[in-house]
Amino acid sequence: MASCMREWVRIRRSAAPDGRFVADARSARYVDYAALDTACEVWAGELDARGVPAGARVLVDVDDPLAFAVVHLAVIAAGRCSAPVDPDAPPAERERYRVALAPALVVSDRPGRGGVLVTDGGLPGAPSRRGPSTRPGPGSVVLLTSGSTGAPKAVELTEAQLLHTAGAVARHNGLTTADRGYNPLPLFHINAQVVGLLATLVAGAELVLERRFHRTGFWPMLVEREVTWVNAVPAVLTILSRADVPVVPPGLRFLRSASAPLPLVVRELVTARTGVPVIESYGMTEAASQITAMPLDAPVRPGSVGRPVDVELQVVDDAGGPCPVGVVGRVRIRGGGVIRGYAGGAAADRFDADGWLDTSDVGHLDADGYLYLAGRADDVVNRGGELVYPREVEEVLLGEPDVVGAVVVGRPDDVLGEVPVAFVRGAGADLVERLTVRCAERLARFKRPAEIRVVESFPLGPTGKVRRVALREALVAS
């Protein structure tokens, strides 16, 4: 098969030039494989004409999903480094992006942002040169990430790493040219780039894009578009679990969940309402997205994020030795999609000489190799020497029907060091009292929240992941 992105685009154009690659969820706009192939040639010539060196960073500040898909992939296919950023970022943050990424060129679809202005089809508005161009070498992607806490780190993923994981996603999900996915997740994040765009390219399928999730008309839109799978996050699935399902696409095979832990009750409600399985997965930017996923045809294993998919995974103790089955330890990974270090040598202590990356997540494996995450190492609450894993407590809280969200974080304590505090979204005058009783019935004393706070919302990142650090800061300040 193809060894690089440019070859994949040419193969897909040759096989189905009129086949759609990406389409807009709420309009008739689309980009087919022939147009994508043409765009790759145009951008290669544009970057050459502007003197952008091989491997140099191109900051992609593009708001329109279809235009983003074209520019992002064309930059990589041209042997340069795509540096996608949040198009909604305020001016001060955009300037920090520029300084941190030091791009050789900026591309945007909005006037006044500098650099090259692109059309809604993802082509340069006034191209410097059209025609064939030589490929200077493999392309790449660079993304800024800080995980849950800490200073931002630059993750550089090679074209080979991106395609390795995209191929694994496509094979695991059984994607074919007959599939049509739906993605409402932000394209400047690794999940949508690899699980959405690249896995679709590798499979020769189609991907329906939406700038953000809208519940209004959601199910009829999936039916109209003949969607066969959905790329979602727990926040989206939580909304779907609480709303009526007027109609389900007859060809819908699965809904995929990523980016944050999926509450068991949400998965059960969505499956009960739709009859469609929800496939939980686990990934990170440093692994080009997917690390583990539940098999499509396997029975549900409550609490598990599945088995490793084309990646090596271990759970180890503090000395680096493998943990026995069922024993919680630190999760580490290595493989064809996993980076060997951060740009600039940041956080070098997370990598060892054998290529293992400490993910900073904790969890355990069962006898069949399924992974069960307990949380981030930084999120574990040490209550007087007893370790409280937030996800276990959150699942108990979410079992209360009136609770639609729960997050547990640690609060400093003069005697015990720290204690767990629960933030919940829900309704009912006696909700706190009911949750207190529920925790007393289902949790050991040291795991029970020292306080339960009812809130209207959680601080969220762009992918819908709760910013736990903001909740911890609020506790310290209060």
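Visitor: Which ring does the charged end of R20 sit over?
Guide: In this predicted model, the charged end of R20 sits over the ring of Y30, at 3.9 Å from the ring centre.

Visitor: And what does R301 lie over?
Guide: R301 lies over the face of Y370, 3.9 Å from the centre of that ring.

Visitor: Now to ring pairs. How many aromatic pairs are found in the whole structure?
Guide: A search of the whole structure gives 6 aromatic pairs. One of them joins Y182 and F218, whose ring centres are 5.6 Å apart. Their planes stand at 65°, so this pair is edge-to-face; the cut-off for that class is over 60 degrees.

Visitor: Where do Y182 and F218 lie?
Guide: Y182 belongs to strand β9, residues 180-183, and F218 to helix α7, residues 218-225. The pair therefore ties together parts that are 36 residues apart in sequence.

Visitor: Is Y182 buried or exposed?
Guide: Y182 counts as buried, because its relative accessibility is 1%. F218 also has a relative accessibility of 1% and counts as buried.

Visitor: What about W229 and F254: how are their rings arranged?
Guide: W229 and F254 form a stacked aromatic pair, with 5.7 Å from centre to centre and 20° between the planes. The pair links distant parts of the chain, 25 residues apart: W229 is in strand β11 (residues 229-232) and F254 is in strand β12 (residues 254-257). Both W229 and F254 are buried.

Visitor: Which residues form one aromatic cluster with Y182?
Guide: The cluster consists of Y182, F213, F218 and W219.

Visitor: Let us change topic to helices. At what angle do α1 and α6 pack?
Guide: Helix α1 (residues 5-15) packs against helix α6 (residues 190-203) at an angle of about 55°, and their axes are 9 Å apart. That angle makes α1 oblique to α6. The crossing of α1 past α6 is left-handed.

Visitor: Which residues make the contact?
Guide: On the α1 side they are M5, W8, V9 and R12, and on the α6 side L198, L201, V202 and A203.

Visitor: How do α5 and α6 cross?
Guide: The axes of α6 and helix α5 (residues 159-172) come within 8 Å and cross at roughly 70°. The two helices, α5 and α6, are therefore roughly perpendicular to each other.

Visitor: Which residues of α5 and α6 meet?
Guide: From α5, the residues are L162, L163, T165, A166, G167, V169 and A170. They meet I190, V194, V195, L198, A199 and V202 in α6.

Visitor: One more helix: how many residues of α10 are buried?
Guide: Helix α10, residues 390-398, is mostly covered, with 7 of its 9 residues buried. The buried residues are P390, R391, V393, E394, V396, L397 and L398.

Visitor: And a loop, to finish. Where does A89 lie?
Guide: A89 lies in the loop between β4 (81-84) and α4 (91-101). A89 counts as buried, because its relative accessibility is 5%.

Visitor: What does A89 touch?
Guide: Leaving aside residues up to four places away in sequence, A89 touches R94 and Y97. The C-alpha atoms of A89 and D61 are separated by 9.7 Å, and these two residues are 28 residues apart along the chain.

Technical notes
Residues numbered from 1 in each chain as written. Predicted model: local features only at pLDDT ≥ 70, side-chain atom pairs only at ≥ 80, totals over all residues. Heavy atoms only, no water. Phe/Tyr/Trp six-rings, centres within 6.5 Å; stacked < 30°, edge-to-face > 60°. Helix = DSSP H or I, 4+ residues; strand = E, 2+ residues; numbered from the N terminus. Buried < 20%, exposed > 50% of the residue type's maximum accessible area, 1.4 Å probe, protein only. Lys NZ or Arg CZ within 6 Å of the ring centre and 35° of its normal. Axes fitted to C-alpha atoms, helices over the stretch in contact; angles between N-to-C directions. Parallel < 35°, antiparallel > 145°, perpendicular 65-115°, else oblique. Left-handed = near helix turned anticlockwise from the far one by under 90°. Contact = heavy atoms within 4.5 Å.
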